[in-house]
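Here is a short tour of a protein chain and its ligand. Please keep the 3D view open while you read.

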Amino acid sequence: MTEPSLDRIWTLLLAARGQRDRLREHSPTFGLSFFGDTQPEITGADDANAALVWRGDKFDAGPGLPPEALDFVELYLPVLAAQSEHPVVVGHLGQSIDAQIATRSGDSCYVTGKENLTHLHRMRALCDAIVVGAGTVAADDPRLTTRLVAGPNPVRIVIDTERRLSGNQRIFSDADAETLLVCCADRISHDELGRKLIAAPRQGRGLDLRAVLEALTRRGLHSLFIEGGGVTVSRWMKAGLLDRLQIATAPVIIGAGRPGLSLPASETMRACRRPPYKLFKMGDDILWDFDLRGDTLESSEPSHHRQAPMRLH
Ligand SMILES: NC(=O)c1ccc[n+]([C@@H]2O[C@H](COP(=O)([O-])OP(=O)(O)OC[C@H]3O[C@@H](n4cnc5c(N)ncnc54)[C@H](OP(=O)(O)O)[C@@H]3O)[C@@H](O)[C@H]2O)c1
């Protein structure tokens, strides 16, 4: 896709994010279409010009969407289906071919290339909240904004079970977006209870993430982007709370570093999950977009039908 058409399609996705909640109250289905070079306009779900169609529970590509934009929107439409009753949670890790997300010292700038970085910012812009672990905040002092793309900054959620972070990191004091810290209830004193702190029960070595998800949805945060690190994404995956898992693999070898996914063992290959996926080429990297709600017994057999990666740019 050329740069101007990409910008146009991105405007469409942002409009879908912005209109979804407002329009749903008035009409169970609707379409979004382009008229000239203006902003996308709202139309009927059956309109032949509709580029995106809201079906009541998800957006689909409509007849008015340029065919070359189909792959691009398919990667982003799932998060736009989030609703209060059905939140959508997407995990992402950018890793080396030996499945490391950073070096041993914690350096992760950068594992994947600029196309994947742009993708991260797009996901942030389409999601209500971005979630990271305390280890990431300690190592990177990140900003977690959408500065590479047009679109709103998400609410920033830091999971720090034992509340080990000093609080001096910039996301706790800058004005770019709201930041909420989630930690164990016994790490919050009574007079601290307020809007910026969320208490959750302990579970194993981390928190009860189902309780965290419920607390976030109560605050109107229905689409969550779990952006790292490995410990945090693994905990959401183990809790069965990820709807999608995006793994971007870069052609780099890190050696013993910070691992990506770390999950309970399987005894046999037959017992291993093989969720359905789509491949997206992002510069030199390949992004695997897994649908973790789409597993069936049959999909635990290796597939002989492999998809060619789709180029996003
Ligand atoms: N390539 C990527 O996609 C990507 C994305 C994000 C981050 N990263 C990199 O991944 C690394 C962090 O990931 P991770 O899996 O180790 O952790 P994480 O998932 O970000 O955070 C959770 C872990 O951090 C620990 N932690 C808590 N407070 C800490 C502190 N003050 N200092 C250090 N660790 C603390 C936690 O221990 P307790 O539970 O015991 O408190 C827990 O084990 C960083 O090097 C970051 O640069 C890479």
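## Around the ligand

A residue counts as near a molecule or strand if one of its heavy atoms lies within 4 Å of it. With that cut-off, 23 residues surround the ligand, and the closest are Gly94, Ser108, Thr136, Asp140 and Thr232. This is a predicted model, in which local features need pLDDT of at least 70 and side-chain atom pairs count only at pLDDT 80 or more, while totals for chains, interfaces and linings use all residues. Residues are numbered from 1 along each chain as its sequence is written, and side-chain values use heavy atoms, with hydrogens and water left out.

## Polar contacts and burial

A polar contact is a pair of N or O atoms within 3.5 Å; within protein, one must be able to donate a hydrogen and the other to accept it, and residues adjacent in sequence count only if both atoms are side-chain atoms. Threonine 136 has a polar side-chain atom 2.6 Å from an oxygen atom of the ligand. For aspartate 140, a polar side-chain atom is 2.7 Å from a ligand oxygen atom, and for serine 108 the distance from such an atom to an oxygen atom of the ligand is 2.8 Å. The ligand taken alone exposes 930 Å², of which the protein buries 80% (Shrake-Rupley method, 1.4 Å probe; for residues, only the protein chains shown count as cover).

Now for the elements, which are DSSP runs numbered from the N terminus: helices are H or I with at least four residues, strands are E with at least two. Two or more shell residues come from each of strand 5 (88-95), strand 6 (100-102), helix 4 (134-140), strand 13 (223-228) and helix 6 (230-238). Helix 4 gives the most, with six residues.

Two strands pair if DSSP finds at least two bridges between them. Four strands form an open antiparallel sheet in the order 2-1-3-4. Strand 2 (41-43) and strand 4 (59-61) are at the edges with a single partner strand each, so one side of each has no neighbour in the sheet.

Strand 3 (residues 50-54) pairs with strand 4 in the antiparallel sense over three bridges. Leucine 52 has alanine 61 in strand 4 as its bridge partner.

Most residues other than glycine have a negative phi, and most peptide bonds are trans. The bond from cysteine 109 to tyrosine 110 is cis, with omega near -5°; tyrosine 110 sits in the loop between strand 6 and helix 3 (114-126). Another cis bond runs from glycine 228 to glycine 229, again with omega near -5°, and glycine 229 belongs to the loop between strand 13 and helix 6.

Leucine 144 has a positive phi of about 55°, although it is not a glycine. You can find leucine 144 in the loop between helix 4 and strand 8 (155-159).
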